[in-house]
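Please look at the model shown below before reading on. The paragraphs that follow start with how the chains relate to each other, and then turn to where they meet and how one of them is built.

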Protein chains: 2
Amino acid sequence: MFEVKFLPEGKRVLVPEGTTLMSAAVKGEVDIASICGGKSLCGKCLVEVIEGEVSPITDVELKRIPKEKAEKGYRFACLAKVKGNVTIRVPDQSRVGRQRLVIMGKEPPVKIRSNVEKVYLELAPPTLHDTVADDIRLYSSLGSKGVLDVRLDYRIATKIATILRRADWKVTAVILGGKEVIGVEEGDTRKRSFGVAVDIGTTKLAVFIVDLMDGGIAFADGMMNPQIRFGEDVISRINYAAQGERELGEVQKAIVDGINELIEKGLTETGIERRELYEMVAVGNTAMHHLFVGVNTKSLGLAPYPAGLGRAYDIKARDLGISINASGNVHVLPNVAGFVGADAIADALACRLHEKEKLTLLMDVGTNTEVMLGGREGIWSCSTASGPAFEGAHIKNGMRAANGAVEKVRIIEDEVIYKTIDDEKARGICGSGIIDAIAEMLKCGALDTSGKLVEGHKGVRVTPMGKEFVLVPKEETASGKEDIVVSQDDVREIQKAKAAMFGGYMTLMRKSGHTTAELNEIIIAGAFGNYIDPASARVLGMIPEVPLDRISFTGNTAGSGARICLKSLDLRREAIEVADRMKYIELAAEPIFTEEYINAMYMPNSRLNMFPETAGSIKAPKVVRVYVSR
Amino acid sequence: MFEVKFLPEGKRVLVPEGTTLMSAAVKGEVDIASICGGKSLCGKCLVEVIEGEVSPITDVELKRIPKEKAEKGYRFACLAKVKGNVTIRVPDQSRVGRQRLVIMGKEPPVKIRSNVEKVYLELAPPTLHDTVADDIRLYSSLGSKGVLDVRLDYRIATKIATILRRADWKVTAVILGGKEVIGVEEGDTRKRSFGVAVDIGTTKLAVFIVDLMDGGIAFADGMMNPQIRFGEDVISRINYAAQGERELGEVQKAIVDGINELIEKGLTETGIERRELYEMVAVGNTAMHHLFVGVNTKSLGLAPYPAGLGRAYDIKARDLGISINASGNVHVLPNVAGFVGADAIADALACRLHEKEKLTLLMDVGTNTEVMLGGREGIWSCSTASGPAFEGAHIKNGMRAANGAVEKVRIIEDEVIYKTIDDEKARGICGSGIIDAIAEMLKCGALDTSGKLVEGHKGVRVTPMGKEFVLVPKEETASGKEDIVVSQDDVREIQKAKAAMFGGYMTLMRKSGHTTAELNEIIIAGAFGNYIDPASARVLGMIPEVPLDRISFTGNTAGSGARICLKSLDLRREAIEVADRMKYIELAAEPIFTEEYINAMYMPNSRLNMFPETAGSIKAPKVVRVYVSR
């Protein structure tokens with residue numbers, strides 16, 4: 001066993017010879033970025049070996065790590081293996097970092113009809129002539145209040161003898177779903193009832209404590225999804241968990257621990273007791289749902305990618321290790337398919353998509369973007385691998401929406417104006433920044449519509465690595481060492497991402513027999529969406545060209561959907577109905593998608609007639625070739 | 001921390017200073033007898049301190065331990081406290097020891113209608129155009145076979161994705177109670193289905209693996225109830241567990257571990273897989289039931305002694321830590337009162353008491369004897385603290401029914417003839433032996449009907465400790481050192497025990513308005529009963545005087561009742577009906593019981609007219625005084 005010490009935090013961890021630095025970091029819970037899940041693809045896990053012996057540098061690293069860094073001892077944490085006691089420095093750029101977490105979202109008003117019912121009882125104590133068992137005494141008393149056919153959950157059943165006596169036979173029974181007594185509480189507690197809504201995003205985790213009496217949010221907080229150390233994207237985590245029971249358990253434990261940590265924080269801040277959290281509603285995309293519930297995700301990663309679980313489930317909190325009332329219930333919303341999950345259903349519910357009179361497009365933008373098109377007549381859905389580019393990954397100077405990220409860009413007369421998050425010195429570009437930048441580059445002619453940087457344009461320079469557009473000169477950056485640029489490759493990444501989204505949208509349009517002319521409204525959900533400039537998104541052709549006032553950003557409506565389903569059983573029924581009725585199109589099987597994807601690689605699109613306003617506003621050289629399959 | 005070493009097994013255990021040797025033995029799982037539960041009453045935990053320092057000998061010990069033994073370093077394990085590293089020898093007499101365990105009992109034929117249903121399914125695998133989720137695919141396939149409205153247990157839900165693919169979509173669904181899928185198995189497994197029946201006796205634990213296809217017993221075995229180290233009798237264990245959550249957990253874990261050990265043995269011997277054990281039915285007296293389920297037993301020890309749980313419950317095996325199929329069900333039968341529990345219900349079901357046309361007495365004889373009187377018209381029940389005397393405890397030379405125990409006695413012309421278990425040299429007297437001995441002593445005139453040993457009778461001798469009757473002279477004993485005798489105190493113990501039983505019986509008779517003349521049949525259940533000579537029991541007045549051919553011994557019918565309820569849901573419904581209809585008399589509240597108890601202290605009874613046959617057959621001086629309360 002050798003000791004690996006991580007600087008600057010000084011965390012130490014003992015590992016056997018041959019362990020990768022990444023595995024050591026996972027073990028020590030040291031924050032190292034990994035987008036590819038340890039496949040030495042993303043190069044985000046660059047660390048500096050300060051002291052001690054690790055395995056020799058690999059060809060992959062020699063090719064990818066700049067020479068002067070390689071000479072200093074920089075390595076990929078996923079490739080360098082421990083050969084003795086070592087000291088490692090994790091540079092700031094290799095950290096997942098503190099993020100701007102958007103956890104709130106638009107929430108429609110709902111009538112409260114929770115799953116929790118409370119009944120106050122005054123029981124007659126037993127005597128030598130009335131030795132009826134405690135449980136039957138309780139059932140009889142409930143029966144006299146009209147509560148029939150209930151049964152005690154095993155855990156609370158073991159405790160009633162003590163509670164009834166301590167409470168002097170005056171108790172409040174907590175009944176779940178009208179059929180299970182999950183709590184027997186001393187005295188009259190009818191006025192207090194709470195639940196927890198959870199949105200498990202691939203990147204972020206949001207936890208809300210909701211007052212089930214009035215529907216108010218007693219506590220809301222978020223954190224990075226702690227599973228990120230098993231890979232930043234869904235596929236990496238699916239693959240990690242698919243290795244075996246142990247790995248699946250690790251990934252599940254990570255998210256459960258994260259949820260419990262936020263609950264703990266909520267209880268401390270609000271003074272609510274754990275026992276008073278009677279129920280939880282959890283949503284997430286299908287993979288997050290499965291990894292939370294503990295479903296082997298192997299088949300989610302293999303065509304035809306069906307969900308393991310599609311129905312809504314009620315699971316005992318204790319079975320999942322969720323630290324609410326041990327007899328409490330965790331309700332997970334239904335999934336539609338392997339990549340349209342409970343979070344999409346939550347989005348649809350919160351945005352009332354299924355009640356829209358006119359054709360509406362709802363997109364929950366993330367690493368995977370769920371695209372839903374429809375209204376009261378029916379909803380078509382698909383999922384597109386928009387990739388993590390919008391979250392700053394696979395982008396040369398990309399970063400998540402954290403302090404110092406360039407989030408807004410305007411190019412006025414070839415002059416770049418930008419704004420960073422919290423107005424700190426620029427450290428990189430986040431999603432909304434790169435969308436703005438590319439839209440502006442198109443508009444000013446630094447890019448052509450095929451996505452090529454235009455040589456000769458003022459902002460474009462040619463380097464041995466290829467062309468790039470300088471966004472922030474190094475003097476203005478936090479490091480002061482390197483310019484922040486948009487590279488040719490970055491543009492390609494964004495093209496792929498937006499083409500996937502638009503391709504998904506168009507596929508649904510064509511499969512459902514609708515046209516963009518009928519489209520009345522666009523709703524962009526997702527934490528990331530909140531900060532996008534809709535005009536820029538339209539210029540890129542991420543979304544179709546509808547009037548800007550018909551484009552709305554609703555934030556984390558997955559969380560809102562979880563909250564309303566926590567508050568109302570009617571909404572849970574709606575969720576099941578929406579899931580049952582939602583049509584799913586698997587894009588992998590659709591030639592239409594390929595066609596639309598290729599056309600959408602152009603900016604805004606090779607079918608320029610679909611974007612008349614944008615077509616008229618951009619200086620970009622127009623290079624278009626319409627592709628039609630078959 | 002000091003080390004306590006137990007000889008002869010050589011087991012070592014580390015404990016803090018001040019720990020009693022008994023606690024150290026509990027920790028090290030060393031078998032030391034304790035009837036009183038560590039209250040220094042029973043004196044059964046005598047051990048020899050070979051080496052090292054323990055706390056000074058107490059007054060209690062000086063009074064109770066024979067001088068020559070005290071000088072050798074003999075101590076009560078419950079009083080001597082560790083002061084340094086010590087070596088202890090546990091003499092054979094202080095062992096709980098290997099017992100004759102009767103686990104089988106009479107079982108009525110039942111039509112099998114188990115809670116487990118198996119359905120074979122061949123599913124269509126998903127394709128890119130049919131991406132229905134795995135669970136919904138399974139539900140649909142079940143629906144097509146007419147199985148509707150079922151849902152997957154959480155545990156199996158997490159595994160179906162893997163199982164379905166490994167099984168090439170040909171699986172057998174295991175459905176519990178017609179509503180929960182607890183198993184999805186590869187291929188067609190419809191022919192295999194097993195369950196476990198458990199009888200948790202205060203003294204012994206019996207486990208049966210039952211084939212749910214044909215009702216056969218695949219495996220049957222028993223062991224001493226491992227809870228014995230927390231006290232031999234129910235009250236000691238109730239008190240131990242009542243101390244707190246930790247202690248309750250210890251006592252619960254002991255029984256669960258014991259059951260799991262026997263299951264493990266059964267699986268090894270039969271080749272049945274753990275997964276194939278889909279259900280368990282468990283019975284026990286109310287205290288054993290509660291300690292198994294994990295109910296705080298404090299109120300069972302306090303008047304008016306109501307049961308904590310009276311209804312039948314279904315508990316997930318995983319919640320109890322029972323190692324059958326993790327999604328499987330543990331069904332516990334209902335309890336009637338604090339001291340008439342699920343085992344009594346099982347007895348009644350197995351003996352078909354509730355179907356008897358004529359008045360029938362059913363007694364399950366043990367430390368507590370459950371007395372049930374009635375038939376199809378209704379059943380009256382009570383519980384009497386018959387004490388452990390019938391199991392050899394509180395008897396000078398008493399022992400459990402193990403090798404070398406005197407089990408049968410005849411006195412022919414003042415000559416004692418006896419038989420020991422396995423015909424080994426006599427080590428002591430077990431229950432059936434002491435009943436025989438006292439009956440014979442009455443018949444030969446060595447005892448008068450008030451229970452006094454008759455001075456001057458050939459077999460009776462007077463010692464400084466009181467009168468005693470020599471049963472086995474020391475030359476014929478295993479130790480060769482001391483005569484095996486029946487002391488005056490021993491007779492008193494047996495009088496109290498049988499008076500409790502008969503008093504219970506008479507109370508039920510009088511409360512129900514019946515008379516002994518109406519009594520048609522006596523059924524004696526319980527492991528111990530099997531070996532009693534019914535004629536001797538009648539002479540003692542343990543049971544009323546009905547013709548010997550109407551007295552039957554049914555063995556461990558609690559276990560039989562568990563098995564038939566495992567095999568048939570109809571029997572479970574019957575169990576609930578019997579429990580609901582059974583009238584319970586709390587003897588502590590009954591002056592009638594006091595009256596009948598006092599009368600039954602005489603042998604056979606102070607109301608000699610109730611025992612005409614016995615009255616005519618005994619040479620015992622007849623000393624009687626009829627007691628009538630109020």
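This is a predicted model: local features need pLDDT of at least 70, side-chain atom pairs count only at pLDDT 80 or more; totals for chains, interfaces and linings use all residues.

Next comes the contact between the chains. Chain B contributes 43 residues to the contact, and chain A contributes 43 residues. On the side of chain B that touches chain A, at least two residues each come from helix 4 (134–144), helix 5 (154–157), helix 6 (160–166) and strand 14 (313–316) of chain B. Helix 6 of chain B gives the largest share of that side, with 4 residues. Sorted by class, the side of chain B that touches chain A holds 23 nonpolar residues, 12 polar residues and 8 charged residues.

Do the copies meet through the same surface or through different ones? Of the interface residues of chain B, 100% are also interface residues in chain A, so the two copies use the same surface to meet.

Now take chain A by itself. Its secondary structure amounts to 18 helices and 27 strands. The globule rule gives 25 Å for 630 residues, and the radius of gyration of chain A is 27 Å, close to that value, so chain A is as compact as a globular protein of that length. Along the principal axes, the C-alpha atoms of chain A fill a box of roughly 100 × 65 × 45 Å.

Two further values describe the inside of chain A. Buried residues make up 55% of the 630 residues in the chain. Among the contacts in chain A with a separation of 6 or more, 69% are between residues 24 or more positions apart.

Helix 7 of chain A, residues 234–241, is mostly covered, with 7 of its 8 residues buried. Which residues of this helix are buried? They are Val234(A), Ser236(A), Arg237(A), Ile238(A), Asn239(A), Tyr240(A) and Ala241(A). The cover over these buried residues of helix 7 includes helix 8 (245–270) and helix 9 (286–293), both of chain A.

Conventions:
Residues are numbered from 1 along each chain as its sequence is written. Chains are lettered from A and ligands numbered from 1 in the order in which they are written. Two residues are in contact if their C-beta atoms, placed from the backbone, lie within 7 Å. Ala, Val, Leu, Ile, Met, Phe, Trp, Tyr, Cys and Pro count as nonpolar, Asp, Glu, Lys and Arg as charged, and the others, Gly among them, as polar. The radius of gyration is taken over C-alpha atoms; the globule rule is 2.2 Å times the number of residues to the power 0.38. A residue is buried if 20 or more other C-beta atoms lie within 10 Å of its own, exposed if 12 or fewer, and partly exposed in between; C-beta atoms are placed from the backbone.
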